[in-house]
Every structure is written in structure tokens, then in C-alpha cells.
Amino acid sequence: NEQDFPPPRVLPALPVIAVLPFNDKSDYQENAYFFDGVSTDIIHALARLPGLRVVARAASSIFRGKQSDYYKIGEKLRANAVLYGTMAKENQQLKLSASFIDIDQKKEFWSFDTDSHWENVFEIQDRVIERVAQTYGIAHQKLFPSKKGPQFRIQNIEAYDYYLKGRRFYYQFSQQSILFALQLFQKAIQIDPNFALAYAGAADCYSYLYMYEEPNEFNKASAIQMSRKA
């Protein structure tokens, strides 16, 4: 009897967001690794929010540095919205221009510019994340639930800089680049012994060395140790 079996409940589709790597507008364009890291951290933060889906970094990074129709890029990534922008670092000043566009309606949700000391990059990231969340009605409490409690996020800009440099070399996937990345992660750990992502980066390096270069007990044990510490 059809009355005994109600129709299946169809859940609404979650909005899909693509975050493109921020383009480097510095005079010497030597900070691309830093700006790429900032956009990657925003991807990770948005992916943890309820009610959103985020395009993987590997897919969105294909469009790094392309000044084209962002609506078409969004369609190619099958995203409902795209976050893009530019960054520039001159001396100790960090300039960011960000825009968030609706792919379905072909319009801009919002955009903003900021000019601040580069040590405020964490606050700038939070501001971007919060603006995206507010666009979809996600409560502020769900973004930063422990503002008054222990802070587990990295706050040391020097350690963060070494970490992002390490990730840049890690993704080159060669023995020399992995060893160099490991040194950078270890430098970040020396500066901030509680920097979990730096330990995770070191674990990735030792794991790579064990799997592809030198499958010895030292690399295996070090990968396990760094992973547990992270």
C-alpha cells in the first residue's frame, strides 16, 4: 500500500564554494607562497563550517593567476559561489582585496579591501571567513565558539611564514624539496613548539621519505612521532 510508505524526504543541496588562490600584486611577486597559503587556510576553515561544501584545493588551484571570467570558472568548478582576490605585501604592510560572487545569479555578494600590518593576517582570514558564513546565515558562534577559551590556532606570524614556505617546497615532491621543507617545518617548531600544523608537515615529510626515498626505521619512527605530536 502506497500510504504505508511516505515519499522519501529530499534534503536541500548545500551551496558549493570555490576559493581561488589570491593573486600576488606585490612589486617583486615573491610572496606567492604566502598568499597561496592564506587562501588554502580559508578553504580548510570554510570546509569545517556546517551547511557548506568547498571545492578541493587541488581543483581550484588550477586557476591560479588567471584573470578571466570568474563566472565561467565557477561553472567549470560546479560551484554556486566563488571567492577570489588579490594580495600584496610591501615591507610589513599587507593589502588584500576580496570579492565573493554568486555564480547562479551572476552577481556580486560583496567585496572589501583592507590594508593592515602583515601580523594581522589571522584576523584578516577570520574576517573573510565570517563574511562568507554570514552570507549563508551561519551564526557567529559556530565560527569561533571558543573565543574566551584556550586558543589552539597559530598566532606567531614568523612560525606561520616558515610553515607556508615548507608547504610550498613539500608540494614539489622531490627528495631535495622534501628535505628542505622538513628544515622549514622544524624551524617553525623551534619558534612555536605548540604549532600543530608544523608537526603535521614534518610527519608528511618523513612519510614521503620512508615511502619513496629511504624506507628505514628512522623515517618511519619519526613520521609516527611527529604525527602523534601533531
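Student: Which elements each supply at least two residues of the lining of the second largest pocket?

Tutor: This is a predicted model, in which local features need pLDDT of at least 70 and side-chain atom pairs count only at pLDDT 80 or more, whereas totals for chains, interfaces and linings use all residues. Residues are numbered from 1 along each chain as its sequence is written, and side-chain values use heavy atoms, with hydrogens and water left out. A pocket is an open set of points on a 1 Å grid over the protein atoms alone, where a 1.4 Å probe fits, with protein on both sides within 12 Å along at least five of seven lines, and lining residues have an atom within 4 Å of a point. With helices (H or I, at least four residues) and strands (E, at least two) taken as DSSP runs numbered from the N terminus, the elements that each give at least two lining residues are β2 (23–24) and α1 (32–47).

Student: Which residues lie nearest the centre of the second largest pocket?

Tutor: The lining is made of 10 residues, and its largest share, 3 residues, comes from α1. Those that lie nearest the centre are Phe-22, Asn-23, Asp-24, Arg-64 and Gly-65.

Student: Which residue in β4 does Asn-23 stand opposite?

Tutor: Two strands pair if DSSP finds at least two bridges between them, and β2 and β4 meet this with 2 bridges in the parallel sense. Within β4, the residue opposite Asn-23 is Thr-86.

Student: How many bridges join β4 to strand β5?

Tutor: Strand β4 covers residues 81–90 and β5 covers residues 93–102, and the two run antiparallel. They form a hairpin with 2 residues between them, and Asn-91 in the turn has a positive phi of about 55°.

Student: How many residues of β4 are buried?

Tutor: Buried means under 20% relative accessible area, while exposed means over 50% (1.4 Å probe, protein chains only). Strand β4 is mostly covered, and of its 10 residues the number buried is 8.
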